[in-house]
Amino acid sequence: SAMLHLPLLVTAQVDLVLVLVSLLAFWSRLGQLNYPSSVVFDEVYYGQFVSLYMKRVFFMDDSGPPLGHMILALGGYLGGFDGNFAWDRIGAEYPSGVNVWSLRLLPALCGALCVPLGYLLTLQLGFSHLSALGAALLLLLENSLIVQSRFMLLESVLIFFILLAFFSYLRFHNALNTSWSRYSWLLLSGISCAASVGVKYMGVFSYLLLLGVACVHTWSLIGDRALSVFVQFPVLLYVFWFYIHLSLLNRSGPHDQLMSSAFQASLQGGLSRITQGQPLEVSYGSQVTLRSVSSHPLPCWLHSHKANYPIRYENGRGSSHQQQVTCYPFKDVNNWWIVKHPGRQELVVDTPPQPVRHGDVIQLVHGMTSRFLNSHDVAAPMSPHAQEVSGYVDFNVSMLAQNLWRVDVSNRGAESEVWKTILSDVRLVHVNTSAVLKLSGVSLPDWGFHQLEVVAERLKLGSGWTVEEHRYGTSQEQKEREAELHSPTHIDVNRKISFWAKFLELQWKMLTVKQEESEHKYSSTPLEWVTMETNIAYWLHTSTNAQIHLIGNPVSWGVANFSLLAYQLLAAVYLLRRRRGLRDLPDGVWERFVFLGCVCVGGWAVNFVPFLLMDRTLFLYHYLPALTHLYLLTPALLEHIHTHLFSVTCQRALCVCTSAVLVSIFLSCRTFCPLTYGIPELSANQLQALKWRDSWDILYRRR
């Protein structure tokens with residue numbers, strides 16, 4: 001009873017400024033989030049992936065890993081989106097059954113949380129609450145960050161995880177105790193790093209920067225096991241994102257053909273309906289289709305047809321005038337070949353089947369024309385340095401053996417490895433000339449129906465072939481065999497490959513297979529981002545002047561660039577004077593100044609410089625992660641100058657100028673708000689007045 005009389009007290013400290021900027025951030029990012037109720041710019045791109053997630057259909061996006069897409073899909077799932085919407089054009093109206101607010105919610109939440117994170121990160125860098133407020137206001141009043149946060153796009157998600165990673169690490173580093181709670185911040189930093197890389201590959205540069213900062217910050221961390229967790233845990237999480245991705249997307253989809261036959265066969269529907277239950281071991285008498293391992297982005301299969309090479313080519317060179325052998329990028333009955341034993345005439349499988357092993361010599365007979373796959377010392381039509389490959393001589397006719405091929409299973413586990421369906425990568429080596437059958441990648445002219453050229457080339461390494469469709473031949477007569485080749489191969493048995501095999505293949509494809517990119521009206525160069533010479537029209541109302549643009553706040557954009565230049569000049573002066581033995585700053589202040597540059601200027605550099613080296617279509621929104629770091633730099637640099645460089649009189653003048661700049665930033669943000677939110681509608685004259693630069697593309701209808 002005595003315990004009941006004791007006061008139960010809870011003491012809490014609330015940063016009201018942090019609460020205020022957080023509320024303003026949520027209001028600016030989440031207000032009227034379902035407007036406009038139509039597809040905005042890249043929502044037409046990401047929305048397709050959200051629909052595929054809802055239907056659990058496999059896809060591959062070469063622009064980045066899957067975590068960002070999964071976050072967008074989670075928003076759709078929470079809103080009950082079923083994926084039944086055609087993302088066919090920008091401006092298409094969402095039907096009433098689609099919860100637009102839910103689709104855009106998670107990017108908006110991430111964008112809103114970036115504002116308080118900027119506030120807290122500035123404090124962790126060792127600067128005052130006033131500087132932290134300045135950083136939060138710059139992030140809050142940046143029009144481009146608002147626009148990018150309010151739609152189903154990924155930049156706000158990427159920025160959120162980058163800021164969270166740096167903030168969590170600094171909380172870990174600045175903590176005075178060594179309790180488990182301190183290391184929980186390091187764990188959160190690792191999770192955030194993994195998430196930033198999982199959203200976009202550009203996040204890996206921020207991860208490397210943070211890793212470098214951790215190593216340089218204190219040498220003692222290098223031997224700390226906690227740092228090894230920090231290094232390894234993001235890698236494991238990155239793999240985990242793909243595990244979820246591949247577990248969810250287990251159905252055949254639009255990008256199946258980019259993947260290997262084994263990968264396709266592991267998905268429900270599509271190729272798996274054809275390949276399930278096929279015989280695993282290729283035997284003499286097997287009927288097979290051979291897919292080129294090196295063909296990308298679209299697959300192609302070894303093919304022949306009743307057409308010969310021309311007697312002479314346009315350049316005057318002669319050919320063998322034998323039957324054409326090509327690589328054809330479509331399923332076709334002429335893709336079927338029969339694996340024949342050189343010492344027997346039968347084209348059917350024995351009982352029991354006699355499997356083909358690594359090192360065995362075979363003949364390949366074209367199923368529909370009964371011609372041997374042949375090569376000889378005749379120059380290929382488009383690649384004269386290589387040998388021609390042709391279909392020659394009916395298999396019943398005895399001729400000189402120019403049609404013998406040695407089977408080389410390149411991914412074998414033992415010398416006696418059996419040639420397996422889908423699983424084996426095989427090189428076919430011409431016995432007479434030691435040339436390897438390969439796809440040259442060159443398209444044939446009209447006489448070759450623009451199919452891809454197949455050659456035999458004397459290389460130690462050559463492109464491989466995979467048996468994709470396979471069955472045991474049972475018909476010796478040509479007519480019966482043709483009917484058999486036209487029949488389906490489906491048997492209802494399942495075959496799977498491991499997660500690691502799928503993960504590694506998907507990684508390789510994402511890094512090497514690039515979709516064709518065309519020049520975009522709103523594409524730009526990195527140098528144009530710095531001077532804000534470009535904008536992007538995200539949405540235009542079908543009948544009014546209401547519109548939304550990705551356009552920055554010109555005043556704060558200019559201030560950020562000035563701060564970047566000022567820091568570099570000031571750092572150069574400090575370094576020169578320190579080299580001469582003149583130490584203008586105490587060691588603690590100097591270390592804080594240097595660390596500010598590592599995080600903010602370094603963060604800007606790793607998120608900007610790589611784009612200078614990229615040969616791809618780029619847009620203004622790619623600059624936003626780099627710009628965010630400059631908004632953290634600006635108020636901290638002002639505090640440093642105010643405290644350590646200026647006299648009292650200059651300090652007062654700096655405060656007045658800073659206040660005037662903040663008012664200008666607010667007025668500039670307010671001026672461009674109609675282009676940020678799409679409301680209110682402006683007249684043609686008002687829109688023209690907002691065209692502060694001739695290079696901006698502001699759209700309007702004169703009425």
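Visitor: Which residue forms a salt bridge with E155 in this predicted model?

Guide: The closest N and O atoms of the pair are 2.5 Å apart, inside the 4 Å cut-off for a salt bridge. E155 lies in helix α8, and its partner in the loop between α9 (180-199) and α10 (203-217), so the bridge ties together parts that are 45 residues apart in sequence. The partner of E155 is K200.

Visitor: Is K200 buried or exposed?

Guide: Burial requires a relative accessible area under 20%. The value for K200 is 12%, so K200 counts as buried.

Visitor: With which residue does E457 form a salt bridge?

Guide: The closest N and O atoms of this pair are 3.2 Å apart. E457 belongs to strand β11 (residues 452-457) and the other residue to strand β10 (residues 436-443), 19 residues away in the chain. Both residues are buried. The partner of E457 is K438.

Visitor: Which residue just after α17 takes a positive phi?

Guide: The buried residues of α17, including W557, Y567 and R578, pack against several helices, among them α18 (587-606) and α20 (624-644). Just after α17, a phi of about 85° is found at G581.

Visitor: What separation is found between the C-alpha atoms of R693 and T534?

Guide: R693 lies in the segment after α22 (684-689), and 159 residues along the chain separate R693 from T534. Apart from its neighbours within four places in sequence, R693 is in contact with T531, M532 and E533. The C-alpha separation of R693 and T534 is 8.8 Å.

Visitor: What accessible area do V14, L16, V19 and L23 have together?

Guide: These residues form a nonpolar patch on the surface. V19 is found in helix α2 (residues 16-30), and V19 counts as partly exposed because its relative accessibility is 37%. Together, the four named residues V14, L16, V19 and L23 have an accessible area of about 400 Å².

Key. Residues numbered from 1 in each chain as written. Predicted model: local features only at pLDDT ≥ 70, side-chain atom pairs only at ≥ 80, totals over all residues. Heavy atoms only, no water. Buried < 20%, exposed > 50% of the residue type's maximum accessible area, 1.4 Å probe, protein only. Helix = DSSP H or I, 4+ residues; strand = E, 2+ residues; numbered from the N terminus. Contact = heavy atoms within 4.5 Å. Patch = residues over 30% accessible without salt bridge, like charges linked within 9 Å, V, L, I, M, F, W, Y side chains within 5 Å. Areas by Shrake-Rupley, 256 points an atom, 1.4 Å probe, with all protein chains shown as cover. Salt bridge = Lys/Arg side-chain N within 4 Å of Asp/Glu carboxyl O.
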